[in-house]
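This report walks through a few features of the model shown below. Please keep the sequence and the structure in view while reading.

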Amino acid sequence: MVSSAATRVAARLEAGLDEVLGDAHRRGPGGPGRSADLRRDRLVIRSHDLLEPCPRRASRPADDYEDRVVTTRRRVGLLVLRRLWGEAPPVPPRGWRVDPGALGPTVRAVFDTPDVWPLQLWEWTRSLDQAGRAALAAGVVTWCDGVIRLVGTARDVSWCDPSLPIRRDVPGRAVGLAATLDATRRTMEGERLLVVTGAASPTARRVLAGQAVLVRTAVARRDRVARVTLAMPPSGQLEHHVVDDALLDLAVDRVVEHAALRVRPDDAPPRPSRSCVHCHLLDECDAGSEHLGCRPGVVAGPAAGRPVDDQDRRHQGTST
Ligand code: SF4
């Protein structure tokens with residue numbers, strides 16, 4: 001049954017998108033019908049898009065993802081946790097818990113089981129040399145170990161399948177919302193969601209939590225979510241977010257703001273910061289170049305501006 005909160009939030013999302021998108025990215029008559037057109041026209045808004053501090057960069061997201069240890073260890077880690085939890089006896093005795101000591105052998109077993117991997121990820125892993133595979137395995141063990149220390153080993157945690165992105169289309173729109181979600185757990189009060197993150201800002205973490213609930217309930221129109229927990233292995237902390245109107249409205253408003261930027265990128269103002277040094281638009285952005293003290297077209301780096309600090313690296317996802 002769809003809860004009244006989900007219905008209210010879905011209506012807020014629909015009204016907000018109507019206001020900023022009008023007939024753009026609309027499905028049905030006048031919008032894309034064939035699946036090829038829909039794929040081309042679909043506006044995908046991911047959780048991390050909502051965290052972008054510079055409106056101009058948010059309006060033109062970089063398409064520069066590449067597989068590296070730091071960008072793949074979470075997905076491989078989920079394969080490992082799914083296998084570790086999947087080894088539970090069919091009818092576990094009361095209080096049965098996963099053995100965290102089995103982590104190392106399970107990582108090796110997953111590396112020997114191609115059919116559980118997303119194809120593209122498996123092919124990338126196969127392209128690595130021995131040192132590269134060892135680095136990936138070490139990164140996966142570290143990630144899993146950090147998560148297990150925070151989340152525990154209770155049997156009823158259901159780890160997400162990294163082959164199945166958490167993405168839903170907004171009804172009536174060629175707009176897809178994608179969320180970061182690592183695990184779910186059913187309770188009497190409703191579903192609990194788990195997101196593993198290294199986000200340092202409390203507001204960013206709240207947006208991540210809100211987007212996960214938004215995708216799970218208001219767009220998918222399914223389970224009632226009772227709580228979102230953010231696990232932060234770098235700091236060893238868990239942060240619980242109660243699902244209420246304020247959390248959902250924050251997520252909806254961020255999605256609508258972001259959709260407005262994407263559909264009218266020429267109106268998006270620059271907001272220079274230290275992260276300009278890594279920006280894919282720097283060559284064509286006077287404000288960013290000025291902020292860094294260099295001319296457009298000149299490659300910026302630590303010598304042109306300030307030293308690249310840890311926060312810059314975190315923003316780019318290059319931190320371990
Ligand atoms: S260079 Fe800086 S101000 Fe310009 S778009 Fe990039 S992040 Fe924004």
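His25 counts as buried because it has 22 C-beta neighbours inside 10 Å, where buried stands for 20 or more other C-beta atoms within 10 Å of a residue's own, exposed for 12 or fewer and partly exposed for what falls in between, with the C-beta atoms placed from the backbone. His25 sits in the loop between α1 (4–21) and α2 (35–41), and its phi, near 55°, is a positive value in a residue other than glycine. Helices here are DSSP runs of H or I with at least four residues, and strands are runs of E with at least two, numbered from the N terminus.

The model is a predicted one, in which local features need pLDDT of at least 70 and side-chain atom pairs count only at pLDDT 80 or more, while totals for chains, interfaces and linings use all residues. Residues are numbered from 1 along each chain as its sequence is written.

Across the protein there are 11 helices and 8 strands, and buried residues account for 30% of its 320 residues. Of the contacts between residues at least 6 apart in sequence, 68% join residues at least 24 apart, a contact being two C-beta atoms, placed from the backbone, within 7 Å.

Strand β4 (residues 175–178) has Val175 and Leu177 on its covered face, whereas Gly176 and Ala178 lie on the uncovered one. Its two pairings, a term that requires DSSP to find at least two bridges between the strands, are set out here.

| Strand paired with β4 | Sense and bridges | Residues opposite each other |
|---|---|---|
| β1 (residues 43–46) | parallel, 4 bridges | Leu43 and Val175 |
| β3 (residues 167–169) | antiparallel, 3 bridges | Arg168 and Leu177 |

The hairpin of β3 and β4 has 5 residues between the strands, and in this hairpin Gly172 takes a positive phi near 85°.
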